[in-house]
Amino acid sequence: MSDRPFEIREDLRAIPAYRAPQADAAIRLNTNESPWPPPKEFAAELAQRLRSIDLNRYPDREARALREGLGARHGWPMSGTWAANGSNEIIQTLLLTFGGPGRSVLLFEPTYAMHSHIAHVTLATVVRKDIPEPWTLDVTTVYSAVSFDPPALTFICSPNNPTGNAHPLSVVEAALEAGPGLVVVDEAYGEFGGESARALLDKYERLVVIRSFSKSWRLAGARIGYMLAHPWLIDAIQVARLPYHLSALTQAAGEVALKHAQVVLDGVAEIVAERDRLSKELERVPGVEVFHSDANFILFRTPVDGSSLWKQLADNGVLVRDFSQVIPRALRVTVGTGNQNADFVETLRSVLAHGA
Ligand SMILES: *Cc1c(COP(=O)(O)O)cnc(C)c1O
């Protein structure tokens, strides 16, 4: 089966690696990045900062300047913030510290595949609760799922990927009230919509709020994510993080982005407006069913087979994400520029009209 000279862990052989296609397409709307690079002011200052970094020295292990900025941004102490190489590393560090063998992780599906993936790799028991369409979590569902067999960690993704909808804060509270474990709210798309669980941090010591610079901050290439939580929790995860995990280059990028937060984030309002316009446009395409989105992407369903539709769109230069393995006949499109969105709708319309 395998042509590896030496086999990997048995429990990992059956699970696929994360491999969203990174094909060269004219219109790339498949990984929820920003269609625009960060602004010139940011790039200019970052270039200058990079010249003055002592690369012969290890970076600040605590990433203090960056965390000061993150704390200030959220009105939360620096000691209650932590930054890493993308929010995926935050997720991994939390799972390494609080999950692991003999502990369980509760997920509400369909949701972000990396939550269960990293939980598996770090040897936790994954407990999935399937949520029916339109995938809005409610207090009763969450409370009973958590209290039935209290997990070490409960993940709530809001706005949720790939469905797009945000969940009410009441479900986060329900999860916290129902069991003794951590509740991790993944807000990778939090700037585009929904209520932030930041509002609950004062009240709950076992709450973690995760955010990312990869989407709204237009910095997917820089790999920066962070968390807000009570200081005891930041302290606790130090045992599992790697020394000097966040390079001086990455820290500088984050610090400069925070300094220019207003300009870096000024694309968010435009993306939100485009998202609502794109939803309406998609609804006008015959046979297409559009799900409500609070994020920078839209999940939609068509009458035809998802994989072949995906392939036909790709053949026509439009890359979207195929979710038909998870939600039959569903695809997810990232909101791009006005022109990209229009080209996508046009291509979809013509592919569907001529039979996928
Ligand atoms: C994109 C995404 C992330 C971001 O991961 P990074 O490692 O910060 O790039 C995290 N969570 C969800 C739900 C996402 O969709």
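Guide: The lining of the largest pocket takes at least three residues from each of domain 1 (10–30 + 266–353) and domain 2 (40–261); these bounds come from an automatic or database domain assignment. This is a predicted model, in which local features need pLDDT of at least 70 and side-chain atom pairs count only at pLDDT 80 or more, while totals for chains, interfaces and linings use all residues. Residues are numbered from 1 along each chain as its sequence is written, and side-chain values use heavy atoms, with hydrogens and water left out.

Visitor: What volume does the largest pocket have?

Guide: On a 1 Å grid over the protein atoms alone, a pocket is an open set of points where a 1.4 Å probe fits, with protein on both sides within 12 Å along at least five of seven lines; lining residues have an atom within 4 Å of a point. A volume is the space filled by probe spheres set on the points, which are joined across faces, edges and corners. Here the largest pocket has a volume of about 1200 Å³. Of its 47 lining residues, Y18, A20, Y112, A113 and R321 are the closest to its centre.

Visitor: Which residues come nearest to the ligand?

Guide: A residue is near a molecule if one of its heavy atoms lies within 4 Å of it. Of the 13 residues around the ligand, S87, Y189, S212, S214 and K215 come nearest. A polar side-chain atom of S87 is 2.7 Å from an oxygen atom of the ligand, and for an N or O atom in the side chain of S214 the distance to a ligand oxygen atom is 2.6 Å.

Definitions and conventions. A polar contact is a pair of N or O atoms within 3.5 Å; within protein, one must be able to donate a hydrogen and the other to accept it, and residues adjacent in sequence count only if both atoms are side-chain atoms.
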